[in-house]
Amino acid sequence: MTDLFVRELTEGIAGTGIKAAFLKCAIEDELTPGVERVMRAVAQAHLLTGAPITVHTSAHAQTGLTAQEILRSEGVDLGAVVIGHSGDTSEPDYLHRLIDNGSFLGMDRFGLDILLPTDQRVATVATLAREGLADRMVLSHDASCHIDWFPSGVREQIAPNWHYTHLHDHVLPALLQAGVTQAQLDTMLVDNPRRYFSPAKP
């Protein structure tokens with residue numbers, strides 16, 4: 001797998017010449033042997049290429065900490081890692097531990113209110129920003145043009161705000177109203193992604 005990941009980062013995906021921009025792996029509620037194998041291959045590909053890593057995690061199971069442990073054991077600088085879906089919880093201890101370990105928090109499911117309402121997501125980001133931690137968060141919505149989680153038409157009923165413009169139309173104004181500054185928004189939306197996508201030296 002490591003060779004495949006490196007090839008897709010350096011040569012292109014499936015012979016297209018289109019190169020991947022980052023590495024993605026996933027852990028849900030627990031670390032299984034297959035998940036660990038993929039995660040270690042991702043870590044090794046990162047070390048060979050400098051490509052950054054994003055990890056799908058379960059905030060409720062706090063598996064971001066498990067992902068950090070595995071990646072760090074392979075020699076990954078956790079500053080090159082986004083712990084995805086961290087915004088699904090407002091638990092401060094967990095979020096601070098992820099930050100203290102060096103990773104970015106993916107506050108990236110705005111609009112998916114069935115997991116955590118937008119007002120709680122906004123409050124969590126605003127609290128961390130007030131603590132001077134805007135430089136450790138990235139903002140997004142995790143929306144997609146197609147997903148098979150729900151039957152046709154159900155997503156619009158149970159997650160009507162889970163779409164591409166919710167972040168800019170509703171979340172950013174709410175963050176400003178909650179006391180987040182424009183400079184902090186620029187940090188989370190522009191500066192942090194730029195830092196994340198600046199390749200590390202392999």
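A: Let's start at one ring: the charged end of R136 sits over the ring of F104, 4.5 Å from its centre (the Arg CZ or Lys NZ must be within 6 Å of the ring centre and within 35 degrees of the ring normal). Keep in mind that this is a predicted model, where local features need pLDDT of at least 70 and side-chain atom pairs pLDDT 80 or more, while totals for chains, interfaces and linings use all residues. Residues are numbered from 1 along each chain as its sequence is written, and side-chain values use heavy atoms, with hydrogens and water left out.

Across the whole structure, a search finds seven aromatic pairs (Phe, Tyr or six-membered Trp ring centres within 6.5 Å; planes under 30 degrees apart are stacked, over 60 edge-to-face, the rest tilted). W149 and F150 form an edge-to-face pair, with 6.1 Å from centre to centre and 80° between the planes. F150 is buried, with a relative accessible area of 18%, whereas W149 is partly exposed at 46% (buried is under 20%, exposed over 50%, partly exposed in between, using a 1.4 Å probe).

The largest pocket holds about 370 Å³ of space (an open set of points on a 1 Å grid where a 1.4 Å probe fits, with protein on both sides within 12 Å along at least five of seven lines; lining residues have an atom within 4 Å of a point). Its lining has 19 residues, and T54, V82, D108, V138 and S140 are the closest to the centre. At least two lining residues come from each of β2 (53–56), β3 (81–84), β5 (137–139) and α8 (182–196) (DSSP runs: helices H or I of at least four residues, strands E of at least two). Helix α8 gives the largest share, four residues.

About 230 Å³ of space lies in the second largest pocket. Its lining is made of 15 residues, and nearest its centre you will find S144, C145, I147, R155 and E156.

T89 counts as buried because its relative accessibility is 10%, and its side chain reaches the backbone nitrogen of E91 at 3.0 Å. H85 lies in the loop between β3 and α4 too. With a relative accessible area of 6%, H85 is buried. The backbone of H85 is worth a look as well: phi is near 65°, a positive value in a residue other than glycine.

A14 is another non-glycine residue with a positive phi, near 55°. You will find A14 in the loop between α1 and β1 (23–26), and A14 is exposed, with a relative accessible area of 70%.

Finally, turn to helix α1 (residues 2–10), which contains D3. D3 counts as exposed because its relative accessibility is 61%. A41 is 38 residues from D3 along the chain, yet the C-alpha atoms of D3 and A41 are separated by 8.6 Å.

How values were computed
Grid points are joined across faces, edges and corners, and a volume is the space filled by probe spheres set on the points. A polar contact is a pair of N or O atoms within 3.5 Å; within protein, one must be able to donate a hydrogen and the other to accept it, and residues adjacent in sequence count only if both atoms are side-chain atoms.
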